[in-house]
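These are my notebook entries on what I looked up in this structure. I began with charged pairs and then turned to helices and the surface.

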Amino acid sequence: MKEKEFERRLDKKIQDHAKIMSDEKRKKIHTDYAKNHSQNELFAVCIEEMSELMKHLTKIMRGKESMRNNAGCIEEMADV
């Protein structure tokens with residue numbers, strides 16, 4: 001898949017997901033999650049997500065994955 005096509009498809013997915021949930025509802029979900037989990041739990045999830053992103057980035061650096069059209073890496077960036 002060409003880079004422009006990948007970007008077009010990614011933009012469409014982002015727009016589709018944005019339509020599913022309002023900003024207010026998204027904010028409420030995040031607030032409720034933070035209220036129901038300890039600071040250590042929140043930090044642990046954040047560290048796990050950063051670790052998954054680091055794994056993808058090191059694979060790219062070693063030539064095991066391509067940055068171009070790498071949906072997994074982009075997904076991990078969004079998770080972080």
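Entry 1. In this predicted model, I looked up the salt bridge between glutamate 65 and lysine 59, whose closest N and O atoms are 3.9 Å apart. I noted glutamate 65 as partly exposed, at 23% relative accessibility. Lysine 59 is also partly exposed, with a relative accessible area of 26%.

Entry 2. Histidine 56 belongs to helix α3. Its relative accessible area is 18%, under the 20% cut-off, so I recorded histidine 56 as buried. Leaving aside neighbours within four places in sequence, I listed its contacts as Glu65, Asn70, Gly72, Cys73 and Glu76.

Entry 3. I searched the whole structure for salt bridges and found two. One of them joins the side chains of aspartate 32 and lysine 28, at 2.8 Å from N to O. These residues are four apart in helix α2, so about one helical turn separates them. I noted aspartate 32 as partly exposed, at 28% relative accessibility.

Entry 4. I checked the length of helix α2, residues 23-35. At 1.5 Å a residue, its 13 residues should span 18 Å, and the end C-alpha atoms are 18 Å apart, which agrees. The number of buried residues in α2 is zero, so I described the helix as lying largely in the open.

Entry 5. On the surface I recorded a nonpolar patch formed by Phe43, Ile47, Met50 and Val80, with about 370 Å² of accessible area together. Isoleucine 47 is in helix α3, residues 39-61, and counts as exposed at 54% relative accessibility.

Technical notes: Residues numbered from 1 in each chain as written. Predicted model: local features only at pLDDT ≥ 70, side-chain atom pairs only at ≥ 80, totals over all residues. Heavy atoms only, no water. Helix = DSSP H or I, 4+ residues; strand = E, 2+ residues; numbered from the N terminus. Expected span 1.5 Å × (residues − 1). Buried < 20%, exposed > 50% of the residue type's maximum accessible area, 1.4 Å probe, protein only. Patch = residues over 30% accessible without salt bridge, like charges linked within 9 Å, V, L, I, M, F, W, Y side chains within 5 Å. Areas by Shrake-Rupley, 256 points an atom, 1.4 Å probe, with all protein chains shown as cover. Salt bridge = Lys/Arg side-chain N within 4 Å of Asp/Glu carboxyl O. Contact = heavy atoms within 4.5 Å.
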